[in-house]
Amino acid sequence: MLEWIRGLGRSGFGFFQTLGRSNLFLLKILVGIPAVLARPRLLVAQLFSVGVLSLPIIVVSGVFVGMVLALQGYNTLVDFGAEESLGVVVALSIVRELGPVVTGLLFAGRAGSALTAEIGLMKATEQLAGMEMMAVDPIHRVIAPRFLAGFISMPLLAAIFSAVGIYGGYFVGVGLLGVDEGAYWSQMQSKVDLYDDVYNGVIKSVVFGFVVTWIAVFEGYDTVPTSEGVSRSTTRTVVFSAFAVLGLDFVLTALMFGD
Amino acid sequence: MDGKTTKMHSSAEITAPAGSETLVKIRDLYFARGDRVIFDGVDLDIPRGKLTAIMGPSGSGKTTLLRLIGGQLTPDQGSIEVDGLQVQELGRKALYDLRRRMGMLFQSGALLTDLTVFDNVAFPLREHTDLPEAMIRDLVLMKLQAVGLRGARDLQPSELSGGMARRVALARAIALDPMMIMYDEPFTGQDPISMGVLVQLIRVLNDALGLTSIIVSHDVKETAAISDYVYVISQGKVIGQGTPEALGSTDSDRVKQFMQGLPDGPVPFHYPAPDYMEDLLNA
């Protein structure tokens, strides 16, 4: 029993130590951001690696999510003779919820895990220590550009996901199921609000981008520098990011649409 | 077992470094990781312009010592002075300024895997200078020529052998013309040819560039062949120091066991265990 309480205490201390380290780490990254902006080439390389290379999975997932939404929505709406509202159902579902959330989850799996593994391996192979000894701060040179790239990429990827998702819904709803094209677009245009729906979705994707990238770079930098350590950190990135995205989604939704 | 620190002197020995001739001065160094004491009152002097070896068994904290000198770790007690500066008291900027004048060769080479050989050597120049690209090219080619790898400039680190990777890392370490270079186990895992190349390079570069070199190693023969002065550390203390020749003829059992690679001695062959017969019969 005593050992169990001791273990609990140790875990508690460990958790708060990690939380403290991650906050200090974030502070150092934020201090390093101006230096990254002064060297846009570093940022562009990471935007390509984190953002552009994530495009295929985001686009394919977006199309299929939109198609499934249209199919499911149509089957329900047609019972009430409201199939012309399909565009609104697809657009609201994607722009408010599925766009930011699914992109956040996919981004954590594709880009977040890659960031953690890359930074973790750089630590394990002494590349980060080597930079320190060359008087180059690895947080400014390696971490900050990756963090900023993730933060910028995530909302853009979510926007692309939403756009292709709506087209996926259009393809199934209008192209295959025969919903009126004009109704699909015009109902969407009249019912989807720029501030309440689109902007709130964008805010969600910005928050998810910040948190997922923070978790990914911190897990990489804080990894135990062994193969097993990097493997565990990569797993933690995906799991913690998923929890963070889903948990924050609930909180943000409650704040935005709760009243 | 001779637990005392042994100091040997011979006609070939350099005098104990002191004053401005000493680049790195370590006094009463104490450092522990958790409950494990790594250094327990270590005093060391690294003379300027010389090649000093720090030898000791695996796990004796040799790499930790280099990290302490480079300011990547902070001692629990004692002082580390490099070129007149107390490393543990330096702020971030002053520490980074000092590190620009230090080079370090990591055991793995620590080359940046997403850059070519050329870009790896150019890395510190691009980070710390505003030199035009044409001049950086010339400087990089000169450094690569010094280590014999000018022709390998376009290769990726993954295409290099272990020995070549260390030579590229050496070229990178001398890119900013540092005052000193620290070598962390430079000979580990090298074939005889790569080993011979590295041994010669380290000595030649030290003398040609007027560097101060610190080699941390447990490859006794190779390290002793090029060192001016040797410290042997074990169990947190300096157990012997002197020229390689003097250490070769030491009376200290512990130093003798290490220098001659004897399988049994003060460091026993057997890990502590209960009596062998009892252990078998109790099964």
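Modeller: Begin with burial: a residue counts as buried when its relative accessible area is under 20%, and as exposed when it is over 50%. Keep in mind that this is a predicted model.

Colleague: Which residues of helix α7 of chain A are buried?

Modeller: Helix α7 of chain A covers residues 181-191, and its buried residues are A:A183, A:Y184 and A:M188.

Colleague: Why do the buried residues of α7(A) line one face of the helix?

Modeller: Look down the helix axis and note the direction in which each C-beta atom points. For α7(A) the buried residues fall within an arc of 120°, so they line one face.

Colleague: Which exposed residues sit on the face of α7(A) turned away from the buried side?

Modeller: That face carries A:Q189 and A:S190, which are exposed.

Colleague: What covers the buried residues of α7(A)?

Modeller: The cover includes α4 (86-124) and α6 of chain A.

Colleague: What is found at the start of α7(A)?

Modeller: There, a side-chain oxygen of A:D180 comes to within 3.3 Å of the backbone nitrogen of A:G182.

Colleague: Now the interface. How much area do chain A and chain B bury between them?

Modeller: Buried area is what the two parts lose in accessible area on being put together, summed over both. Here the two chains bury about 1,700 Å², with 56% of it on carbon and sulfur atoms. On the chain A side, A:E126, A:M133 and A:M134 lose the most area to chain B, and together they make up 40% of what that side buries.

Colleague: How many residues does each chain give to the contact?

Modeller: Chain A gives 17 residues and chain B gives 22 residues.

Colleague: How many salt bridges and polar contacts cross the interface?

Modeller: For a salt bridge, look for a side-chain nitrogen of Lys or Arg within 4 Å of a carboxyl oxygen of Asp or Glu. The rule finds 4 salt bridges between chain A and chain B. One of them joins the side chains of A:R39 and B:E127, at 2.9 Å from N to O.

Colleague: Which elements give two or more residues to the side of chain A that touches chain B?

Modeller: They are α5 (127-133) and α6 (138-176) of chain A. The largest share comes from α5(A), with 6 residues. By type, the residues of that side divide into 8 nonpolar, 4 polar and 5 charged.

Colleague: Is B:N206 buried or exposed?

Modeller: B:N206 is at 1% relative accessibility, so it counts as buried. B:N206 lies in helix α6 of chain B, residues 192-208.

Colleague: What does B:N206 touch?

Modeller: Its side chain makes a polar contact of 3.2 Å with the side chain of B:D207. Leaving aside neighbours within four places in sequence, B:N206 is in contact with B:G49, B:K50, B:L51, B:L211, B:T212 and B:S213.

Key. Residues numbered from 1 in each chain as written. Chains lettered and ligands numbered in written order. Predicted model: local features only at pLDDT ≥ 70, side-chain atom pairs only at ≥ 80, totals over all residues. Heavy atoms only, no water. Contact = heavy atoms within 4.5 Å. Buried area = accessible area lost by both parts, 1.4 Å probe. Helix = DSSP H or I, 4+ residues; strand = E, 2+ residues; numbered from the N terminus. Nonpolar A, V, L, I, M, F, W, Y, C, P; charged D, E, K, R; others polar. Buried < 20%, exposed > 50% of the residue type's maximum accessible area, 1.4 Å probe, protein only. Polar contact = N/O pair within 3.5 Å; in protein donor to acceptor, adjacent residues only side chain to side chain.
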